[in-house]
Structures are given as C-alpha cells and as structure tokens.
Amino acid sequence: MAADRLPHEPSPSKTPQTTPIESMSLQLEEDSLTSLSPIAWAQIEAAKLVLCDLDGCLAIDNVPLSGADRLASSLGDRLTVVSNNSTLRSTDLAARLLHHGLPINPAAIYLAGEIAIRIVATRHPSSRVLVIGSQQMRSLASELGLELVDDRPDVVVLARDDNLRMLRAQKIID
C-alpha cells in the first residue's frame, strides 16, 4: 500500500499485500504507535473522539513524527491533542506543527500551562498572580485580567521557564 494512503482507504489493487490497519502500522513504524495491535487501530478508527498525547505520540520536540499527518487527517475533528507543554499557547503550537506539515486546529489542542492560567482566571479573576513560566504564559495571564506580581501573590503558577534564574527561584522559596 502506498505510504500516502490512510488506513481506511482502499488499495488500488484487487489483492492488497497488507490490510489497511497493517499498512498504517508499517507507515508509522518509527512512531510510538507501532506497538498498537490491529484491534486497537480498529477501535481508534471507530471512536467518536481520540485524545492523543502530543509528545512521543504525534511529535517529538514539536516536530511531527512520520505518519502523524496521515493519522490526524484520518481522524479529522475527532482528534484532540493534549500535552504537558507549559510554555506555548495552543495557537503557537498549532502554527509550529503546521509549519512542519501537521495541521491541527488550535481549538483541539489542550496544553497544561495554558489550561492552568485559564483555571486561575476563571476561579480567581483579577487576582495577584506570580507566573513562573514563559513569556507566552505571562502574557496570557495579563490578557485574561490577572495582575502579574513578583511579591505577595494570591496565586502562584509554576510552569516551565527556560529563563528561570536563581534569584527568581529564590523568590519562589521565600
């Protein structure tokens, strides 16, 4: 079966050498999805919703794995991507993935950092918040009406911060 066909697409020949599920597994042989059985693939194809971890399942370091585009295309709106990423917004991640050929709707991407900030904004609106995290997370907090502070916060959000310095870390401890 051609590498650009999806698991549910029929083979142009009358006697395919592999089943569609086996073919998809072969196409994704470098991915973590290869350990899935044909039964699992059939369940994925039949599901109303598929929650898929981004890291190690669809991409590594925000670069799509081979076959991830075919999987996303075959699932369409049934695919929801989740990730413990706490540095990017879903719109930023969607743009990066699209740049690498993996179109995912930002509304179908749920990122830990973005969700954390939104929870704070919903449960503690207008609160004083110390965001230890990326500039994107601090900007989101501000846009959602949270007051960014470095001293005496009501809420602290700890997220990945590639620019974390010892002085800032000491503020967390103090």
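Reader: What lines the largest pocket, and which residues lie nearest its centre?
Author: In this predicted model, 13 residues line the largest pocket, and Asn-85, Thr-87, Leu-88, Arg-160 and Asp-162 lie nearest its centre. The volume of the largest pocket is about 230 Å³.

Reader: What makes Glu-143 and Arg-89 a salt bridge?
Author: Their closest N and O atoms are 2.9 Å apart. The cut-off is within 4 Å, so the pair is a salt bridge. Glu-143 belongs to helix H6 (residues 135-143), while Arg-89 sits in the loop between strand S4 (79-83) and helix H4 (90-99); the pair links distant parts of the chain, 54 residues apart.

Reader: Why is Glu-143 called exposed and Arg-89 buried?
Author: Glu-143 has 55% relative accessibility, and exposed means over 50%. Arg-89 has a relative accessible area of 16%, and buried means under 20%. Each value meets its cut-off, so Glu-143 counts as exposed and Arg-89 as buried.

Reader: How do you know that Arg-70 and Asp-69 form a salt bridge?
Author: The closest N and O atoms of Arg-70 and Asp-69 are 3.8 Å apart, and the limit is 4 Å, so the pair qualifies. Arg-70 is buried, at 16% relative accessible area, because the cut-off for buried is under 20%. Asp-69, at 33%, counts as partly exposed, because that class lies between the cut-offs of 20% and 50%.

Reader: What does the salt bridge of Arg-128 and Glu-147 tie together?
Author: The side chains of Arg-128 and Glu-147 meet at 3.5 Å, N to O. Arg-128 lies in strand S6 (residues 128-132) and Glu-147 in strand S7 (residues 147-148), so the pair ties together parts 19 residues apart in sequence. Arg-128 is partly exposed at 25%, as is Glu-147 at 41%. The structure holds four salt bridges.

Reader: Which residues of the largest nonpolar core touch the most other members?
Author: Leu-58, Leu-79 and Ile-104 do, in a core of 21 residues. Helix H3 (68-75) is among the elements that give two or more residues to this core, and H3 gives the most, with four.

Reader: What does Ile-104 touch?
Author: Not counting residues up to four places away in sequence, Ile-104 touches Ala-72, Leu-79, Val-81, Ala-94, Leu-97 and Ile-109. Another core, of eleven residues, lies apart from the largest one and includes Ile-117, Ala-121, Val-129 and Ala-141.

Definitions and conventions: Residues are numbered from 1 along each chain as its sequence is written. This is a predicted model: local features need pLDDT of at least 70, side-chain atom pairs count only at pLDDT 80 or more; totals for chains, interfaces and linings use all residues. Side-chain values use heavy atoms; hydrogens and water are left out. Buried means under 20% relative accessible area, exposed over 50%, partly exposed in between (1.4 Å probe, protein chains only). On a 1 Å grid over the protein atoms alone, a cavity is a set of points where a 1.4 Å probe fits but cannot get out, and a pocket is an open set with protein on both sides within 12 Å along at least five of seven lines; lining residues have an atom within 4 Å of a point. Grid points are joined across faces, edges and corners, and a volume is the space filled by probe spheres set on the points. A nonpolar core is a set of buried Ala, Val, Leu, Ile, Met, Phe, Trp, Tyr and Cys residues joined through side-chain atoms within 4.5 Å. Contact means heavy atoms within 4.5 Å.
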